[in-house]
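This report describes a structure chain by chain, followed by selected local features. The sequence and coordinates are shown first.

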Amino acid sequence: MTSLSSAVALPSSCRGARPAGGRARLLVARAAASSPKLPSGRRLRVAVVGGGPAGGAAAEALAKGGVETVLIERKMDNCKPCGGAIPLCMVSEFDLPLDLVDRKVRKMKMISPSNVAVDIGRTLAPHEYIGMVRREVLDAYLRSRAQNAGAEVVNGLFLRYDAPKEPNGTYVVHYNHYDGSSNGKVGGEKRSLEVDAIVGADGANSRVAKEMGAGDYEYAIAFQERVKIPDAKMAYYEERAEMYVGDDVSPDFYGWVFPKCDHVAVGTGTVTHKADIKKFQAATRLRAKDKIKGGKIIRVEAHPIPEHPRPKRVSGRVTLVGDAAGYVTKCSGEGIYFAAKSGRMCAEAIVAGSANGTRMVEESDLRKYLAEFDRLYWPTYKVLDILQKVFYRSNAAREAFVEMCADDYVQKMTFDSYLYKRVVPGNPLDDIKLAVNTIGSLVRATALRREMEKVTL
Amino acid sequence: MAMATSTFSPRPASLRPLRAGAKPHLHLLPFPRFRAGRLERAAAAGEAPVEVAPPAGETEAEPAPAAASNGAAVKAVEAPAKATEAAAPPVPAFRDARWVNGTWDLSKFDKGGAVDWDAVIDAEARRRKWLEDYPEATNTEEAVVFDTSIIPWWAWMKRFHLPEAEKLNGRAAMVGFFMAYFVDSLTGVGLVDQMGNFFCKTLLFVAVAGVLLVRKNEDLHNLKKIIDETTFYDKQWQATWQDDTTGGPKN
């Protein structure tokens, strides 16, 4: 975000109270004249806990901004269970090399509870795609970039931190240091680190969040099996991902088949019926049965996905980014881009608030990052929340959803908002037509639902 | 294996409220049997088939699960068949003579020269019900492409909107008549004069809105839930700003 880094070099009088709840204009962050210069000219020291997309992006932006950064990651070769889809804007905004993207998905198939299949992607331009990445590859790349920018990457497990004793004192971060082998020896050596601020980027089960009393959130369980299927069947998934909706597959989410480098990931998720996840997984496999026949399951994995942000995202000079903060959208469950973006925005706010690492930061500087993030992406999150509420409600709504997806205008709007993260208003006449068609689809599906109740098979 | 217990965990009622309670007396005992069927399909699809041990008594006189259009009517000689269900292939896939190439062949719904849209709606409802109870694998060769918008709007109106409109108008008329009588008896203001009065017009508006929005007892509760739902997500996002005690930076 250029607006954040533009006003960095000019310490002047303080900007005033944090923008309330999100109406901030361009975020012009100037270091408070009163915030003390760091003693003996040392640089600001920040610990980034967690080395995923959020942590890697944060550490890189911090290091580039002249802040002394330590990135603590517990498992350097971690294969985080993840759908692995990244939007086009992430590739350009984060300058990702194209060989990071295993597959470019240009066609998606949406499949309704009664197996009505709709292909979406007709409206995509040749250069547009959804990138499928392997998390272990992406995370390692972002961490190495942070290291090249000057961050110190440490293999360790964050344990807890001690809050500072005086107002401008330092935090002490305690962690288990693992040496040598990247698999993390059991035990490890207890070490501690004095820092001025902590960025919690340690994911859905964030320990930093627990330490700072950030509160809990509702979360979905995403369960996934990686299946190696024969090459002939893999050709079908060359550029295609599938989404299955239905009560059998998930009562409040969707089942998916996403292509990865040389296998597919078949999975599903749920918030409200976590105990039945294996049943939902079996149903997903059943729906894709013929297409993954003969496949071997090479890995089974599961992970929680936050449903909404934690009640408290900042406390003193400790803040959360990425999944730890809860920045996962509803409806699609997308989190990678928002993790990386929030990490970068937080880092830029710290760099600006500390005048490139020369002054101490304060909670208000961290709140500026929150305000800016909320302002930028609130429309996206809200729209996806509305879509989830309306279309994932029942099988009838899902049938209407899949029917709507056949419409070109819907496809164009969906992809525009997903690939570039902008909620574009579009042509008003088309919007009205879309609204009418949506209501029509919903009404028809509900009417059919009422007929279904009368049917005795 | 733990898998066995989890696949047979009783399905939570909220997942399928309609199926559970809908017409218990019409289906003799299909509910537990259908559930077992579905769970077995799920089990068979992914894990090793698990043994089914249904109570022997509940087998007589079940209605044929496969209706006439599916060809062979699987008659209710279920008792011996029950025990082998775990090993035998589950319920046959959806078949209908009029369902061709993943959509309804409208020429087969001919009624006196025009298409019998009611029959199309019935057929589609049946198909969806079938697939909801017995989810099927998708097939790339026989992709389902049926779109309900091919059924014209007036067919939907005639079938669904008109009876409901009749019911609601009837209710509104009854309420209106008695309110008009009541107000007249209390205040002596006749119907024509009532229509000129602002308060009466407001009451009329409230009566019409009430009849539209509240059709069943549950609707009152549902409306309140919807209102809460629309703002819940916003509240979750604003939570971090609620307890802000730092105010501005220290000057």
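How many helices and strands are there in chain A? In this predicted model, chain A has 12 helices and 18 strands.

## Chain A

The C-alpha trace of chain A spans about 80 × 50 × 40 Å along its principal axes. A compact globule of 457 residues would have a radius of gyration near 23 Å, and the 23 Å of chain A agrees with this.

Of the 457 residues in chain A, 61% are buried. Chain A exposes about 16,900 Å², with 55% of that area supplied by carbon and sulfur atoms. Among its contacts between residues at least 6 apart in sequence, 72% join residues at least 24 apart.

## A buried lysine in chain A

A:K330 lies in the loop between β18 (318-320) and α8 (336-353) of chain A. Is A:K330 buried or exposed? Its relative accessible area is 14%, and because the limit for a buried residue is under 20%, A:K330 counts as buried.

Apart from neighbours within four places in sequence, A:K330 is in contact with A:E307, A:L384, A:D385 and A:Q388, and also with B:Y233 of chain B.

## Chain B

Chain B contains nine helices and four strands. Read from the N terminus, its elements follow the order α-α-α-α-β-β-β-β-α-α-α-α-α. The domain assignment places domain 1 at 96-151 and domain 2 at 168-240. The centres of domain 1 and domain 2 of chain B, taken over C-alpha atoms, are 40 Å apart.

Buried residues account for 32% of the 251 residues in chain B. The accessible surface of chain B is about 15,300 Å², and 66% of it belongs to carbon and sulfur atoms. Of the contacts in chain B with a separation of 6 or more, 63% are between residues 24 or more positions apart.

## Nonpolar patch on chain B

Which residues form a nonpolar patch on the surface? The patch consists of B:L191, B:M195, B:L204, B:V208, B:L212, B:L213, B:V214 and B:L220, which together have about 710 Å² of accessible area. Two helices of chain B, α7 (191-195) and α8 (198-213), each supply at least two of the patch residues. The largest share, four residues, comes from α8(B).

B:L204 is one of the patch residues and sits in helix α8 of chain B. Its relative accessible area is 42%. This value lies between the 20% limit for buried and the 50% limit for exposed, so B:L204 is classed as partly exposed.

Conventions. Residues numbered from 1 in each chain as written. Chains lettered and ligands numbered in written order. Predicted model: local features only at pLDDT ≥ 70, side-chain atom pairs only at ≥ 80, totals over all residues. Heavy atoms only, no water. Patch = residues over 30% accessible without salt bridge, like charges linked within 9 Å, V, L, I, M, F, W, Y side chains within 5 Å. Areas by Shrake-Rupley, 256 points an atom, 1.4 Å probe, with all protein chains shown as cover. Salt bridge = Lys/Arg side-chain N within 4 Å of Asp/Glu carboxyl O. Buried < 20%, exposed > 50% of the residue type's maximum accessible area, 1.4 Å probe, protein only. Domains from an automatic or database assignment. Contact = heavy atoms within 4.5 Å. Rg over C-alpha atoms; globule rule 2.2 N^0.38 Å.
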